[in-house]
Amino acid sequence: MLLPPGRNRSTLDVRIVEAYLAGAISGALSAVMTLWLLSGLAAPLPWAVRAVLIAAGAIVVWLCERGPLSGKVSLPQNRRQIPMQVFGGGLVKGAYRFGFEMGTGVRTYVPSPAPYILLLTVLFGRLSLGCALLAAIGFGLGRAAPLMLQLQKVDRERISNAYLRGTIHVAPTAASCVVLAGALILV
Amino acid sequence: MTQRLYWSWLIPALTVAGAFWLHSDALVALGIGMAAGLSLAGSI
């Protein structure tokens with residue numbers, strides 16, 4: 001847990017959240033820019049082929065993560081927690097490093113199909129540089145949102161529980177549909 | 001509290017829908033990024 005329990009937040013807590021947000025966006029930018037550069041290889045494909053690749057890929061990803069192939073076919077992901085050593089240089093620096101690793105989306109567990117569909121979108125969507133950057137910023141913002149919410153004077157345990165329930169049931173599939181719909185608009 | 005469950009996909013969904021209505025590829029990109037990021041929100 002990056003923030004200590006309690007409802008009264010200090011300046012240090014705000015700096016931790018800012019560092020985590022900056023790290024998450026930086027990590028997402030680095031991952032998305034790498035994919036965006038690779039996406040040039042798919043650029044010659046006609047839009048219909050790219051749309052089919054994204055849609056078919058999204059279906060396969062959903063089947064593997066949430067459907068009948070769940071547990072039988074595993075998608076590539078780093079099945080480990082981010083090591084505590086990232087906090088070696090202090091809480092604020094550690095929050096940045098932790099956020100960076102979370103933002104890349106490849107350094108820890110990925111319990112939802114949506115990031116894979118975003119990956120397919122960046123690879124095959126032939127996004128403009130601006131759109132790719134905004135997708136990365138959106139990913140970083142989304143990744144940091146739960147921590148930003150904890151700066152509010154609310155019961156963090158209830159928020160965490162709500163998110164955890166959402167992660168397990170409806171939210172990942174709904175989020176995947178949103179990403180797929182957006183991808184098909186952009187392609 | 002149950003309403004919070006839907007934040008993780010409803011806000012991005014509304015962003016994407018609004019962006020589609022506004023013909024803004026930039027907002028669509030932001031929305032799908034948010035949706036993907038928020039879908040992992042339970043893991044922190």
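Predicted model: local features only at pLDDT ≥ 70, side-chain atom pairs only at ≥ 80, totals over all residues.
Figure 1. Residues are numbered from 1 along each chain as its sequence is written, and chains are lettered from A and ligands numbered from 1 in the order in which they are written. Chain B has 2 helices and 0 strands; helices (H or I, at least four residues) and strands (E, at least two) are DSSP runs, numbered from the N terminus. Chain A has 7 helices and 0 strands, and 44% of its 187 residues are buried. Among contacts in chain A between residues at least 6 apart in sequence, 82% join residues at least 24 apart; a contact requires C-beta atoms, placed from the backbone, within 7 Å.

**Figure 2. The side of chain A that touches chain B.** Here 43 residues of chain A are in contact with 28 residues of chain B. Helices α4 (114–124), α5 (129–149), α6 (156–168) and α7 (170–186) of chain A each supply at least two residues of this side. The largest share, 15 residues, comes from α5(A). By class, the side has 31 nonpolar, 9 polar and 3 charged residues, with Ala, Val, Leu, Ile, Met, Phe, Trp, Tyr, Cys and Pro counted as nonpolar, Asp, Glu, Lys and Arg as charged, and the others, Gly among them, as polar.

**Figure 3. Helix α4(A) against α2(B).** The two axes come within 8 Å and cross at roughly 150 degrees; axes are lines fitted to C-alpha atoms, for helices over the stretch in contact, and angles run from 0 to 180 degrees between N-to-C directions. From α4(A), Ala114(A), Pro115(A), Leu118(A) and Thr121(A) meet Ile32(B), Gly33(B), Ala35(B) and Ala36(B) of α2(B). This contact has 6 nonpolar, 2 polar and no charged residues. Helix α4(A) is largely enclosed by the rest of the structure because 10 of its 11 residues are buried. Among them are Tyr116(A), Ile117(A) and Phe124(A).

**Figure 4. The largest nonpolar core.** The core has 66 residues, of which Tyr20(A), Ala135(A), Val179(A) and Ile32(B) touch the most other members; such a core is a set of buried Ala, Val, Leu, Ile, Met, Phe, Trp, Tyr and Cys residues joined through C-beta atoms within 7 Å. Elements giving two or more residues to this core include α1 (11–38) and α2 (47–65) of chain A and α1 (2–21) of chain B. Not counting residues up to four places away in sequence, Tyr20(A) touches Leu2(A), Ala95(A), Tyr96(A), Phe98(A), Gly99(A), Ala144(A) and Leu147(A).

**Figure 5. Two loop residues with positive phi.** Most residues other than glycine have a negative phi. Arg126(A), in the loop between α4 and α5 of chain A, has a positive phi of about 50 degrees although it is not a glycine. Arg126(A) is buried, with 20 other C-beta atoms within 10 Å. His23(B) is in the loop between α1 and α2 of chain B, and its phi is near 55 degrees. With 9 other C-beta atoms within 10 Å, His23(B) is exposed.

Conventions
Buried ≥ 20, exposed ≤ 12 C-beta atoms within 10 Å, placed from the backbone. Contact = placed C-beta atoms within 7 Å.
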